[in-house]
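Biologist: Walk me through this model, please. I want to learn how to read its features.

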Amino acid sequence: MPTALITGITGQDGLYLAELLVAKGYDVHGLIRGQNNPKLDLVRRLLPEVRLHHGDLTDMSSLIRALRESQPDEVYNLGAVSFVAYSWENAALTTDVTAKGVLNMLEAVRLHAGDRPDSVRFYQASSSEMFGKVQEVPQRESTLLWPRSPYGVSKVFGHYMTINYRESYGMHASSGILFNHESPRRGPEFVTRKISEAVARIKLGLQEDVVLGNLDAERDWGYAGDYVEAMWLMLQQPTADDYVVATGETHSIRDFLDVAFDHVGVDDWTSYVRQDERFMRPAEVDQLIGDASKARDVLGWKPKVPFEALVTMMVDADLAAIQQGW
Ligand code: NDP
Ligand code: GDR
């Protein structure tokens with residue numbers, strides 16, 4: 001039975017990935033931080049078979065301990081301060097976790113693996129935010145990186161450090177450059193879930209409107225359940241590499257609002273949406289659209305859930321959750 005260690009197991013992707021690996025027969029371990037993590041109960045309820053280890057990406061000794069206790073064949077480094085808007089509020093913490101945390105994990109794996117550096121396969125959660133200011137459309141593995149936030153800059157550090165450990169030490173370290181992926185498990189601070197929750201509450205008469213920032217930004221949105229399969233596929237390859245994972249379609253926030261409101265019978269959403277400077281970013285990433293042809297050709301991966309189905313899945317899940325009193 002292969003063994004995997006996942007950092008960020010309490011997050012959206014961590015939960016989907018852990019479910020996927022459990023279904024594949026893995027012995028799954030997760031890193032959990034804090035004295036009393038509010039997500040602990042959720043992980044235990046959804047994934048009772050997963051073994052949890054206390055640790056934090058800023059604390060390398062805790063990472064070494066988790067590796068010793070779990071003895072993984074594969075490490076998925078998903079932990080991060082992942083909310084782009086927050087990264088301006090706390091650039092130092094973002095750098096400590098999302099940038100330096102990757103180095104801590106890579107170094108911990110290198111020390112743990114000893115004279116067999118490729119014996120532990122490593123996945124780094126890189127991001128389309130690294131592309132930032134548009135240089136090329138669509139964005140692919142070779143596109144120039146021009147990050148536009150402390151989060152994006154931190155992800156660039158983690159990305160190149162992963163490549164550097166692969167090239168310097170012969171580690172099997174791969175980096176998935178994943179474009180935005182969403183689901184009913186998406187944190188409520190991200191725009192898709194903020195909208196799906198608000199639309200459900202407006203439909204049920206519990207909320208009057210929703211306050212957003214820039215409605216013109218365009219994102220390549222896919223379904224998180226599809227994207228974790230690409231992570232796993234990367235670590236099954238004989239050699240480590242970097243892959244863009246995306247749908248190849250882009251939509252604006254307005255498009256997301258169109259589909260979400262239309263799904264609950266509202267044709268014109270303008271009276272339900274307000275814009276406020278509070279939600280505008282100091283520097284915006286205007287348009288992301290990915291070319292995932294390498295992932296398709298090498299990994300045999302392609303997305304299954306299209307945009308409209310993703311939006312309606314999220315609205316339906318929020319309607320059901322509110323009606324059931326969750
Ligand atoms: P989430 O925000 O849902 O989850 C982030 C996870 O990181 C949580 O489990 C959180 O744990 C953990 N974490 C935060 N700080 C630390 C720390 N100091 N030490 C250890 N763990 C920590 O993110 P997603 O699941 O959406 O994303 C997973 C990864 O993929 C992230 O690295 C993200 O940056 C990246 N990514 C995400 C994309 C997306 O569209 N979802 C696209 C591209 C990349 P806790 O519960 O304790 O806070
Ligand atoms: P993003 O996701 O920054 O792309 O990062 P987010 O959903 O936060 O923003 C997407 C776009 O929507 C615009 N926007 C708003 N965003 C939020 N959160 N709240 C609002 O009210 C709002 N109004 C408009 C933003 O300006 C932006 O253009 C996500 C994260 O998961 C990262 O960790 C990941 O790396 C990238 O996706 C790929």
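Predicted model: local features only at pLDDT ≥ 70, side-chain atom pairs only at ≥ 80, totals over all residues.

Biologist: Which domains does the assignment give the protein chain?

Modeller: Domain bounds come from an automatic or database domain assignment. Here it gives domain 1 (3–181 + 222–245) and domain 2 (187–219 + 249–287 + 306–323). Their centres, taken over C-alpha atoms, are separated by 28 Å. Contact needs C-beta atoms, placed from the backbone, within 7 Å. By that test, 11 residues of domain 1 touch 11 residues of domain 2.

Biologist: Why does ligand 2 lie between the domains?

Modeller: Domain 1 and domain 2 both give residues to its shell, so ligand 2 lies between them. A residue is near a molecule if its C-beta atom, placed from the backbone, lies within 6 Å of it. Of the 22 residues around ligand 2, Val-84, Ser-127, Val-191, Gly-213 and Ala-217 come nearest. Helices (H or I, at least four residues) and strands (E, at least two) are DSSP runs, numbered from the N terminus. Helix α7 gives the largest share of this shell, three residues.

Biologist: Which residues come closest to ligand 1?

Modeller: Gly-8, Gly-11, Gly-79, Ala-80 and Ala-125 do, out of 27 that surround ligand 1. Helix α1 (12–23) gives the most to that shell, with three residues.

Biologist: Now the helix. Which residues of α11 are buried?

Modeller: Count C-beta atoms, placed from the backbone, within 10 Å of the residue's own: 20 or more others means buried, 12 or fewer exposed, in between partly exposed. Phe-307, Leu-310, Val-311, Met-314, Val-315 and Asp-318 are the buried ones in α11. Down the axis of α11, these fall within an arc of 125 degrees, so they line one face of the helix. The arc is that of the directions from the helix axis to the C-beta atoms. An α-helix has 3.6 residues a turn, so residues three or four places apart point the same way.

Biologist: What sits on either side of α11?

Modeller: The cover over its buried residues includes β7 (181–182), α7 and α9 (253–263). The face turned away from the buried side of α11 carries exposed Ala-309, Ala-320 and Gln-323.

Methods
Residues numbered from 1 in each chain as written. Chains lettered and ligands numbered in written order. Contact = placed C-beta atoms within 7 Å.
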